Structures are given as structure tokens and as C-alpha cells.
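This briefing is meant for a reader who is meeting the structure for the first time.

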Amino acid sequence: MYDHRKLGRELSLFDTDPLIGAGLPYWLPDGAIVRHSLEEYIRTVERRAGYQHVYSPALGKRELYEISGHWAHYNDDMYPPMDVGGEQVVLRPSLCPHHAVIYRSRSHSYRELPLRMAELGAMYRSELSGVLGGLTRVRCIQLNDAHIFCTLEQVADEATAALALIGSAYRAMGITNVRYRLSLPGASGKYVAVPEMWQRASKILSEVLDRSGVPYEAAEGEAAFYGPKIDIQVSDHAGRESTLSTVQVDFHQPEQFDLYYIGADGGKHRPVMVHRSIIGSVERAVAHLIELHGGAFPAWLAPVQVVVLPVSDAQESDAVQLLDHCLRAGLRAQVVTAEAGNLGARVRETRLAPYQFILGSAEASNGDVAIRLRDGRRLHALAAGDAIARIRALIQANDTRLWAD
């Protein structure tokens, strides 16, 4: 397997600098394309699934996290408060308290539920220097987070649907080797002490896993402080396991923030919060994708999707026109001219691009392209417009195949 830290720097995807600080990587242009493509995919599938997107600030008053329980149960992973204008303000360790406040800012009817609220937002964890590494353990995290406010009767269906979204995203990203874990509380005092709440939430999630038909293991001591969760586990190049995606059932925070909806009977009722993250942190997801694919990302994620290779200087102007056609079709493309070396050398240098368009004199005169796929297959010459349309269709469908025969 590949080490994402080494490969990420070799491919100019991300880097770090002591002046910025440990655990605070910055994204270079090609890495930013991968990240942006992943974020746009997530936003798109969430919109299709009925999620409403919000933005919330990365800071909050200390009181916010005292109410949520983070200050009492999660303080060791939080940054110390900052005194601002006579108030203590904290970099948030999680988005859920903000979403709870957004929910309670308006009155809600049972007819609105389930209300699915999503955000790709920054949060901060006070990680020790010894555990920081590349993109997998960082101090500023861009989290693909969502909270579903629903009735008790809707919880199982919403959690099941969240697992299905995760499975669909993994197929689009080419992720197959995962392990499901039911994360339960342990004997320590870091968990909210309401036994009946834990029993009810754990029963729901175990039934969801059984209904989904995936093998799983239960692990005590791995739950969030407010509730049990389904964790989807992946391994890195060294065999270290980490959580990529999660589904959680939370009865605690709706109680803490006094959340309610108006039921059919006209009375106030307490909703349940389902926490759900399709890809977890963008940083960890990209780290896993780098190691999984060795930089040869699925075409929809690739920084450069099409490389146009004119055989000689005589085809350079035709290559520029073909490049313009690709760009107007929404493909990420570039021309590598004969000035950069002979054709064989240029093919090797751009081997991570999913598609290479070889443009010789015959292709240029006929308006065709000879296509070389990243896996080494060479296709018959096609009309340039047809080739671009077929590639565009695969990319728009987030299809991991390089070619649809």
C-alpha cells in the first residue's frame, strides 16, 4: 500500500509548514481539486436525499458546550477558551451543538419531520503532537456532518437510509474493504449516565445493522459521550484502523437544548437527533483515497481527467482546439506538447490521468482522437465530440469505470 504522506507531497496534493503549525496541512491546487470534487459530490447526494444545507460559525461560547455536554465529557480534546469582549469563546470540537441551536431557532411541526440538516464545516481538536500525521490526524478538520431531527418512529428508517448513502458513496470512491462496528459505552465515567437512553439507542442501531445485512462487531468504550454509534472502519498503509463514516443516535442533546416539535395533538414532543457523516472528515477521506488508489483517482476525482498529447508540433494547434472542447464540456484537461519529450515519455509522465487523447496527423485531419486509458487499454479512434461526451457521462455519474463498452 501507499503512504499518503509521501505520495501526497510527490503529487503536489498537500503539504505542511512549521510556520503554519503541526497538524495544519495546506492544500495545493491539485489536492484542492480532489477535495472540492469530493465536497461537491457530497453536497449533491445530500440535496437529492432531502438534506438542507446550513453554515454555522467555527466558534461558540463556552456555555454552548456546557449545555451540550462537550465541556464536561470532551474537554481534553478542546482548545482553551479565549476571552473576547467579556465572554469566553471556544473553537468548536463538533458541529452538533450549533445545529441544535439552529433547529430550536424556529418552531417545527411534526409534518416537517424528518428535518435533515447538513454542513461541511470546520471543527478543531486539540490533538497531541505525537499523534499528528499527514491528513489522518489534524487539528483543523473539515467535517461532512449532518443531523436529522425526527420522531422516535422515524429513527430506524433515517439511520438505515444514512447507511445506504454511505454505501453508495463508497462505491463511487472505489472503497470496498471496510469493517462495520457498533460502538457502545464502556465502564469509564466519560459517558452521559442515563442507562435507559443507552439501551434504547443501542437497540435501534443493532436492529438497523441487522436490517442492512452487513456483518459487524460490537466494541465497548468506543461510543460518543452522548450515544452509541455505527462506525465504518478503514485501514491505512500501516494497518492502523480508523473511523471514516458514522451514524449515531442521540437522545441526550435534544433534552439538553430543550428541542421540541408540535405533534398532531397540538402538544410539544421531543425529537431524536441522528448524527450522520457520509465521509467523515474530508482530510481523512482524501488520505484514504490517496493510499487506496496510489494517486490514480476515479476519473470524477482526478485533478487532470484528460491529457491531450499531440504527436508532433504539427498537431499543436489542433490539440489546443481539442483542449478548448474538453474544457467547455466541463472536463479538467491539459495539453502536453512535443516540447516536453517524445510521445512515449509523455505517456509515462501523465500516466495517472484517466484518459490520454493521442493526436496524430490522421486524427487531426479527421477530427478524431486515439484514446489510451489509464489501465493501458487503447481504443479505436473516435470522433472527438463522441469521445468527450462518453467520458463526460461517466464522470457525471461518478462511475468508477474508465469506459462503458
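Predicted model: local features only at pLDDT ≥ 70, side-chain atom pairs only at ≥ 80, totals over all residues.

Helices, of at least four residues, and strands, of at least two, are DSSP runs that are numbered from the N terminus. With that numbering, Ser12 is placed in the loop between helix H1 (4–10) and strand S1 (14–15).

**The five-stranded sheet**

- Strands of a sheet pair through backbone hydrogen bonds, in either the parallel or the antiparallel sense.
- Five strands form an open sheet in the order S17-S16-S18-S19-S20, and their pairing is mixed.
- At the edges of this sheet are strand S17 (333–335) and strand S20 (382–383), each of which pairs on one side only.
- Helix H10 (residues 316–328) packs on the sheet and touches S16, S17, S18 and strand S19 (368–373), while its direction makes about 170 degrees with that of S17.
- Within the sheet, strand S16 (residues 306–310) pairs with strand S18 (residues 355–359) in the parallel sense over five bridges, and Val306 stands opposite Tyr355 in S18.

**Helix H10 and helix H13**

- H10 also packs with helix H13 (residues 384–396), at an angle of about 35 degrees and with the two axes 10 Å apart.
- The crossing in which H10 passes H13 is right-handed.
- On the H10 side, Leu322, His325 and Cys326 meet Ala384, Gly385 and Ile388 of H13, and the residues of this contact divide into four nonpolar, two polar and no charged.

**The three-stranded sheet**

- A further open sheet has three strands in the order S4-S6-S5, with antiparallel pairing.
- Its edge strands are strand S4 (59–61) and strand S5 (82–84), each pairing on one side only, and the twist from one strand to the next averages 45 degrees.
- S4 pairs with strand S6 (residues 87–91) in the antiparallel sense over three bridges, and Gly60 stands opposite Val90 in S6.

**The second largest pocket**

- Rolling a probe the size of a water molecule over the atoms shows where empty space is left.
- The second largest pocket holds about 480 Å³ of space, and of the 20 residues that line this pocket, those closest to its centre are Leu11, Gly295, Glu349, Leu352 and Ala353.
- By type, the lining of the second largest pocket consists of twelve nonpolar, five polar and three charged residues.

**Backbone details and a loop residue**

- Most residues other than glycine have a negative phi, and most peptide bonds are trans.
- Ser12, although it is not a glycine, has a positive phi of about 55 degrees.
- The peptide bond that runs from Leu113 to Pro114 is cis, with omega near 5 degrees, and Pro114 lies in the loop between helix H5 (96–104) and strand S7 (115–124).
- Val214 is found in the loop between helix H7 (195–212) and strand S10 (216–220), and when its neighbours within four places in sequence are left aside, Val214 is in contact with Tyr180 and Leu209.
- The C-alpha atoms of Val214 and Arg179 are separated by 9.0 Å, although these two residues are 35 residues apart along the chain.

Terms used. Residues numbered from 1 in each chain as written. Heavy atoms only, no water. Pairing = 2+ DSSP bridges. Contact = heavy atoms within 4.5 Å. Axes fitted to C-alpha atoms, helices over the stretch in contact; angles between N-to-C directions. 1 Å grid on protein atoms, 1.4 Å probe; cavity = no way out; pocket = protein on both sides within 12 Å on 5 of 7 lines; lining within 4 Å. Points joined across faces, edges and corners; volume = space filled by probe spheres on them. Nonpolar A, V, L, I, M, F, W, Y, C, P; charged D, E, K, R; others polar. Left-handed = near helix turned anticlockwise from the far one by under 90°.
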